[in-house]
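The following briefing goes with the sequence and the model shown here. Please keep both in view while reading the points below.

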Amino acid sequence: MSGTGTYGSPSKFDGQAQRDYLTIVDPRHILSSLMQTAGPLPRGTAEDAILSWLLSVPDQIDPAEAAGTMLELSIFDPNKDGEAGRMARLLRQVAEYPAGRLAPARRRSRHH
């Protein structure tokens, strides 16, 4: 079964491949389980979930790269209402700041 990615393109992850990938980039299933929850999520869930997820991403994985790829999964839809959509939009913000983009800022802050 073929899914549609967040931005309207076909998702490159379907079925078992999607589950396998989520196990790597979301090892505690923090975001994936919340995005699949029926009904609205309580206010503030998005921020708490993103922070918890960032802390759980394995060290060898760039959170921005993981976030960008997760956004290709149909469950992460920034057009959703409420906290689910907010969570996907926050994930998109994380994707905009890969390690290479953050490295120069970290070096400058050490000198201050």
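Helices (H or I, at least four residues) and strands (E, at least two) are taken as DSSP runs, numbered from the N terminus. This is a predicted model, in which local features need a pLDDT of at least 70 and side-chain atom pairs count only at pLDDT 80 or more, while totals for chains, interfaces and linings use all residues. Residues are numbered from 1 along each chain as its sequence is written, and side-chain values use heavy atoms, with hydrogens and water left out.

**Overall fold and confidence**

- The pLDDT, which is the predictor's confidence in each residue on a scale from 0 to 100, averages 79 over the protein chain, and 76% of the residues score at least 70.
- Over residues 1-10 the pLDDT is below 50, although this stretch has 20 contacts in the model beyond near neighbours in sequence, a contact being heavy atoms within 4.5 Å.
- Among the elements of the protein chain, the highest mean pLDDT, 94, belongs to helix H3 (residues 45-56), and the lowest, 60, to helix H6 (residues 99-110).
- Where pLDDT is low, the predicted coordinates should not be read in detail.
- Among contacts in the protein chain between residues at least 6 apart in sequence, 67% join residues at least 24 apart.

**Surface and core**

- Of the 112 residues in the protein chain, 36% are buried, where buried means under 20% relative accessible area, exposed means over 50%, and partly exposed lies in between (1.4 Å probe, protein chains only).
- The protein chain exposes about 7000 Å², of which carbon and sulfur atoms supply 52%; accessible areas come from the Shrake-Rupley method with a 1.4 Å probe, and for residues only the protein chains shown count as cover.
- The largest nonpolar core has 26 residues, and those with the most contacts inside it are Leu 31, Trp 53, Met 70, Phe 76, Met 87 and Leu 91; such a core is a set of buried Ala, Val, Leu, Ile, Met, Phe, Trp, Tyr and Cys residues joined through side-chain atoms within 4.5 Å.
- H1, H2, H3, H4 and H5 each supply at least two residues of this core, and its largest share, six residues, comes from H5.
- Trp 53 has contacts beyond four places in sequence with residues including Leu 31, Met 70, Leu 91 and Val 94.

**Helix H5**

- The 14 residues of H5 should span 20 Å at 1.5 Å a residue, and this agrees with its end C-alpha atoms, which are 20 Å apart; the expected span is 1.5 Å times one less than the number of residues in the helix.
- The buried residues in H5 are Glu 83, Ala 84, Gly 85, Met 87, Ala 88, Leu 90, Leu 91 and Val 94, and the buried residues of this helix pack against H2, H3 and helix H4 (63-70).

**The Glu 47–Arg 86 pair**

- The count of salt bridges comes to one, a salt bridge being a side-chain nitrogen of Lys or Arg within 4 Å of a carboxyl oxygen of Asp or Glu.
- This salt bridge joins the side chains of Glu 47 and Arg 86 (2.7 Å, N to O), and it links distant parts of the chain, with Glu 47 in helix H3 and Arg 86 in helix H5 (residues 82-95), 39 residues apart.
- Glu 47 counts as partly exposed because its relative accessibility is 32%, and Arg 86 counts as partly exposed at 33%.

**Leu 22 and Ser 32**

- Leu 22 is placed in helix H1 (residues 16-25) and counts as buried because its relative accessibility is 5%.
- Leaving out residues up to four places away in sequence, Leu 22 touches Pro 27, Ser 32, Met 70, Leu 73, Ile 75 and Phe 76; Leu 22 and Met 70 are 48 residues apart in sequence and 7.8 Å apart in space, C-alpha to C-alpha.
- Ser 32 lies in helix H2 (residues 30-35) and is buried, with a relative accessible area of 3%.
- Apart from neighbours within four places in sequence, Ser 32 is in contact with Leu 22, Asp 26, Ile 75 and Phe 76.

**Loop residues**

- His 29 sits in the loop between H1 and H2, where its phi is near 55°, a positive value in a residue other than glycine, and His 29 counts as partly exposed at 35% relative accessibility.
- Asp 62, in the loop between H3 and H4, counts as partly exposed at 21% relative accessibility.
- Asp 62 touches Pro 98 and Ala 99, not counting residues up to four places away in sequence, and Asp 62 and Ala 99 are 37 residues apart in sequence but 6.4 Å apart in space, C-alpha to C-alpha.
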